[in-house]
Each structure stands twice: as C-alpha cells, then as structure tokens.
Amino acid sequence: MNLKISELDFEKGNGLIPSIIQDNRSNEVLMLGYMNQDALKTTIESEKVTFFSRSKNRLWTKGETSANFLNVISISFDCDKDALLIKVIPEGPTCHKGTSSCFGEADSKGFLYKLEDIIEQKIESNDEQSYTNELFRRGINKVAQKVGEEAVEVVIEAKDDNDDLFLNESADLLYHFLILLKAKGKKLKDVEEVLQKRNE
C-alpha cells in the first residue's frame, strides 16, 4: 500500500486519527475506530485492521479474540489528511452484537433491500388491493412467466435509444425478480452472497 504515514495529520486528534471502516464489496459502513501511527503501521504491514484502544490504552487488532478480522483492501485519506477510509473484506460480523455493522442493519444495504421488505409486507398482509400480492398468489409459474416477459422487454428497449423506456423496463424486471425470489423462499442477500463468493 502506497500510503505515507508522514503525510497524515495526527496532531489535530492528539495523536489519533479517526478511521472509517467500509465493506469493499457492499460499501456498507462497518465501524469507526481510532489509529495512532503505530496502529496504522501495523495495519499496513499485517493487512488486518488494528486500532488504538482509548479505553485499554494499547493497540488491538479487530478480531484478535473473536477471529472476525477485517482484511484490508485499500486505505485512503480525506482532503484534510486527518481521517482515513479503510476498505476491507470482513471475516464474520464486525459488531460485538453480532451484526455486520456497528451502526445496525437497517437501511445499510440500500433501497432494493427496502423494496424487498415492502414486497414482503404486501404479501404477508394479504393485501387484496395489491398487484404484488395478487401476482404472488397466482403461483410460481405466473411469477416466473412475468419475469420472463419483463426480461424480453428490457432486451427490446436496450436495442433502441430511449433511455427512459429502458430504465423503466429495467425497474419492472427488478421488481418482478424480487417477487420471484419471495416465491422461491429466497432473499436478495442470497444472490448477493453467490456474487461475492465468485469474486473472492
């Protein structure tokens, strides 16, 4: 890693610099810790995130007791050179409470995950006015057929120059794919995990 520790401003934080830890694959913010120069040097050399513990007054490597290490992919600093952004691949949950992020799971994955929850609520509540629920109740064959139809429409619009139609058809495809996942008893995170494993 081509990071010069001497370029960073540790003085502003009395020898410590805040370090934001971000999942390199999902972009989820996992935690915030503090590093002194020794902690940063150890992080760079070991390629595992090491902080300076203000409560224990010593260096500690995240995962040293839990084995949930944070494997470093890249380190960058902000424009004032007084904060770090460290992208990692985590081994297991980051938070001691067992969640992937110390900031909680809610809204951490973006709107598609929110939409997945909305679809599930419409189906679980058996909303008779809901198109989503109606399609789901018609069974897996109808849902799969609808996904196929939407996929064909995306291909057709991709061949033309109308970006608005292409994006709308793409949105329809994603929406119906989420219904299909629900019909199969699967989640968007299951697909995400397959993609992550392919890129490890």
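Colleague: Which strand gives the most to the lining of the second largest pocket?
Modeller: In this predicted model, β2 gives the most to that lining, with four residues.

Colleague: Which strands each supply at least two residues of the lining?
Modeller: These are β2 (29–35), β3 (50–53) and β4 (58–61).

Colleague: How many residues line the second largest pocket, and which lie nearest its centre?
Modeller: The lining comprises 22 residues. Nearest the centre of the pocket are Met-31, Phe-51, Ser-53, Trp-60 and Lys-62.

Colleague: How do the lining residues divide into nonpolar, polar and charged?
Modeller: Nine residues of the lining are nonpolar, nine are polar and four are charged.

Colleague: And how much space lies in the second largest pocket?
Modeller: The second largest pocket holds about 470 Å³ of space.

Colleague: Turning to the helices, at what angle do the axes of α2 and α5 cross?
Modeller: The axes of helix α2 (residues 111–124) and helix α5 (residues 163–183) cross at roughly 55° and come within 10 Å. The angle lies between 35 and 65 degrees, so α2 is oblique to α5.

Colleague: Is the crossing of α2 and α5 left-handed or right-handed?
Modeller: The crossing of these two helices is right-handed.

Colleague: Which residues meet there?
Modeller: On the α2 side they are Leu-112, Leu-115, Glu-116, Ile-119, Glu-120, Lys-122, Ile-123 and Glu-124. Their partners in α5 are Tyr-175, Leu-178, Ile-179 and Lys-182.

Technical notes
Residues are numbered from 1 along each chain as its sequence is written. This is a predicted model: local features need pLDDT of at least 70, side-chain atom pairs count only at pLDDT 80 or more; totals for chains, interfaces and linings use all residues. Side-chain values use heavy atoms; hydrogens and water are left out. On a 1 Å grid over the protein atoms alone, a cavity is a set of points where a 1.4 Å probe fits but cannot get out, and a pocket is an open set with protein on both sides within 12 Å along at least five of seven lines; lining residues have an atom within 4 Å of a point. Grid points are joined across faces, edges and corners, and a volume is the space filled by probe spheres set on the points. Ala, Val, Leu, Ile, Met, Phe, Trp, Tyr, Cys and Pro count as nonpolar, Asp, Glu, Lys and Arg as charged, and the others, Gly among them, as polar. Axes are lines fitted to C-alpha atoms, for helices over the stretch in contact, and angles run from 0 to 180 degrees between N-to-C directions. Angles under 35 degrees count as roughly parallel, over 145 as roughly antiparallel, 65 to 115 as roughly perpendicular and the rest as oblique. A crossing is left-handed if the near helix is turned anticlockwise from the far one by less than a right angle, and right-handed if clockwise. Contact means heavy atoms within 4.5 Å.
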